[in-house]
Amino acid sequence: MRARCCLVTLCLASLALAAVPAAAQVEDRPMLTSGAAMTMIHGCLSRAGEEGWRMHIAIMDNHGNLKAYHRMDDAQLLSHDIALAKARSSAMAPRSTQQWGEAAFGNGVSAAAFVPGLNYFEGGLPIMTADGQHIGGIGVSGDTGANDAICAQAGIEAAGLN
């Protein structure tokens, strides 16, 4: 009986020690929440409303998953696909779509011009935490590229990011 008790105690101690390294390997990282994405949508809507812009707004996490989307009344239908492509481009890597365009075509055509799925129209911005971690991308389309980018930045700022 005593041998069995010692064996059980030894097994439990081994399991407890084995669990310590596994727990130490768990990664703690920030993520783009649905709440933050909706706050960004509302920030964009506020700025677009002030300016009279009609926008499509897409927000994706850093895995390319759609977190939030909104089409304003009377926003042109073509802008739907563009907003999604802008968000995806800035969600894939921490660069704005304008930076992607400059990398692809700034000094002649570079390899970035041939990356499938990248969008080079201004209005896609990476979403970063205060300490510089990339957590997603926002894409806005419906007006000029410069106005799309202003609207996207307003959304990011509304969520207290970047």
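**Close-up views of a predicted model**

View 1. Ile57 stands opposite Val140 in S4. Strand S1 (residues 56–61) and strand S4 (residues 134–141) pair in the antiparallel sense, over six bridges. Strands pair if DSSP finds at least two bridges between them. Strands are DSSP runs of E with at least two residues, helices are runs of H or I with at least four, and both are numbered from the N terminus. The model is predicted: local features need pLDDT of at least 70, side-chain atom pairs count only at pLDDT 80 or more, and totals for chains, interfaces and linings use all residues. Residues are numbered from 1 along each chain as its sequence is written, and side-chain values use heavy atoms, with hydrogens and water left out.

**View 2. The four-stranded sheet.** The sheet is open, in the order S2-S1-S4-S3, with antiparallel pairing. Strand S2 (66–71) and strand S3 (124–128) stand at the edges, each with a single partner strand, so one side of each has no neighbour in the sheet. Neighbouring strands of this sheet are turned by 15° against each other on average, direction ignored.

**View 3. Helix H3 across the strands.** H3 (residues 79–92) lies across S1, S2, S3 and S4. Helix H3 runs at about 155° to S4. Axes are lines fitted to C-alpha atoms, for helices over the stretch in contact (heavy atoms within 4.5 Å). Angles run from 0 to 180 degrees between N-to-C directions.

**View 4. The chain around these elements.** The protein chain has five helices and four strands. From the N terminus on, its elements run α-α-β-β-α-α-β-β-α.
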